[in-house]
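Please look over the sequence and the structure shown here before reading the notes that follow.

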Amino acid sequence: MILHIDMDAFFASVEQRDNPNLKYKPVIISGNSKRSVVATASYEARRFGIGSAMPVFQAKQLCDHLEIVPGNREKYQAESKKIMEIISHFSPLIEQVSIDEAYLDITGCERLFGSFKDIALSIKNQIFQQLDLTCSIGMSPIKFLSKIASDLNKPDGLTIIEQSDVKNFIFSLPIQKVPGIGKSSMNNMQLLQIKTLGDVQKYSLPILTQKFGKMGQRLLELSNGIDKSRVEINYIRKSISSETTLLKDINNFKKAKNIILDRAQIVGRTLRKKDLVCENVFIKLKFSDFSQITRSRKLASPICSSSAIFNEALFLYKRFKLKKKIRLIGVGVTALKNKNTPVQMLLIQDPAKNKKQWESVDFAVDSISEKFGTFIINKASLTKTD
Ligand code: TTP
Ligand code: MG
């Protein structure tokens, strides 16, 4: 049995919880710039036809008393972490797919926690009790159906598709609900008169492949209730990077060094937040003529401190013979590992005490930034003196 959980109007619900003045009101979360779009809309705002990706000015036209709240990604990340922590107690087979969404394989967990329905209700209850947030859960024996199910009774929904109902469900499932069906495939669906997933079976594999490419085979499999994808645990992002296009092209070493330090700090913070270490650091430079290079370096032992990332990135930068002005600088890390994998022993035995000290400084700075905001504390070399 696979459970899919998705938080309701996630960013907006967090803000409504933290500011009682926003409760039961039409609220949108957006960026700060003039050209911002809606990241999410509270369910009250959705009644006015407001939704994700809509320009903010358009949302305002639809609802004149709309509350517009700037987003706070770090806060939502922290909430996301708490949610994943709660659900990880129910099964170790957990796959987080976005900031507010995860799959959980709960096959065999009934003996510990009661029926599948009981498990879903306990998860909903714990999240509500501990975080004052609601979520929607879908459950079925097939991964893609669970995702569709979680969306069916939003908000605060629970939808269970039993094995005995799978066939009927698939046959009447509107084809546009199948993940991966975009606008262009919908045109072809209409031409072929495919309205439901069951209708796919009217066509042979060669025709479906001709019309929809690889997706054709998957659709035929899905229509037969076959979904080869499993809940994939321990998914680790392959890289973390941060880059910035400069206001003016530069060729000044000190300025470049400051930007590398700034980016290294952002990358380091993300790495530590995810409890990861890296074994590879790279820099990316784009020049005034739009050409670009990346240079990377494999490390002898894993790191996660911003200073170590900075040192490696600066080393790579210095080795490069600069001939043109720089328009963009990026710093990134790859070869990521969980911090508590055995390789971490290397760090503990590392005679370079300096490295460990910098890590403790970084963790202290991270927790201060989390409490008081990202820009409250910074390296002295990044503070403007002129
Ligand atoms: P979703 O789960 O797609 O949306 P939601 O949780 O706001 O609402 P629903 O009840 O329909 O699930 O996305 C989760 C969060 O991701 C959302 O709160 C804000 C963010 N997000 C964006 O920043 N931009 C986007 O375009 C979308 C779709 C989401
Ligand atoms: Mg959601």
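In this predicted model, helix 10 (residues 205-212) and helix 11 (residues 214-223) have axes that come within 6 Å and cross at roughly 135 degrees. The two helices are therefore oblique to each other, and helix 10 passes helix 11 in a right-handed crossing.

**Helix 10 with helix 11**

- On the side of helix 10, the residues in contact are L205, L208, T209 and F212, and they meet K214, M215, G216, Q217, L219 and L220 in helix 11.

**Helix 1 with helix 4**

- Helix 1 packs with helix 4 (residues 73-88) at an angle of about 95 degrees, and their axes are 10 Å apart; because angles of 65 to 115 degrees count as roughly perpendicular, helix 1 is described as roughly perpendicular to helix 4.
- Helix 1 contributes F10, F11, V14, E15, R17 and D18 to the contact, while helix 4 contributes R73, K75, Y76, E79, S80 and I83.
- The residues of the contact between helix 1 and helix 4 divide into five nonpolar, one polar and six charged.

**Helix 12 with helix 13**

- The axes of helix 12 (residues 253-273) and helix 13 (residues 306-319) come within 8 Å and cross at roughly 140 degrees, which makes helix 12 oblique to helix 13.
- The crossing of helix 12 and helix 13 is right-handed, and the residues of helix 12 that make the contact include F253, A256, I260, L261 and A264, with I309, F310, A313 and L314 among those of helix 13.
- Taken by class, the residues in the contact of helix 12 with helix 13 are twelve nonpolar, three polar and four charged.

**The magnesium site**

- The magnesium ion (ligand 2) is coordinated by D6 (OD), M7 (O) and D100 (OD), at 2.0 to 2.3 Å, and along the chain the donors of this ion follow the spacing D-M-x92-D.
- The site of the magnesium ion (ligand 2) is octahedral, with angles of 81 to 177 degrees among its six donor atoms.

**Backbone details**

- As background to the two residues described next, most residues other than glycine have a negative phi, and most peptide bonds are trans.
- Y24 is not a glycine, yet it has a positive phi of about 60 degrees, and this residue lies in the loop between helix 1 (10-18) and strand 2 (27-30).
- The peptide bond from K154 to P155 is cis, with omega near -10 degrees, and P155 lies in the loop between helix 7 (143-150) and strand 8 (158-160).

Conventions:
Residues numbered from 1 in each chain as written. Chains lettered and ligands numbered in written order. Predicted model: local features only at pLDDT ≥ 70, side-chain atom pairs only at ≥ 80, totals over all residues. Heavy atoms only, no water. Axes fitted to C-alpha atoms, helices over the stretch in contact; angles between N-to-C directions. Helix = DSSP H or I, 4+ residues; strand = E, 2+ residues; numbered from the N terminus. Parallel < 35°, antiparallel > 145°, perpendicular 65-115°, else oblique. Left-handed = near helix turned anticlockwise from the far one by under 90°. Contact = heavy atoms within 4.5 Å. Donors = N, O, S within 2.8 Å, 3.2 Å for Na, K, Ca; no water. Tetrahedral: all angles 85-135°; square planar, octahedral: opposite > 155°, others 65-115°. Nonpolar A, V, L, I, M, F, W, Y, C, P; charged D, E, K, R; others polar.
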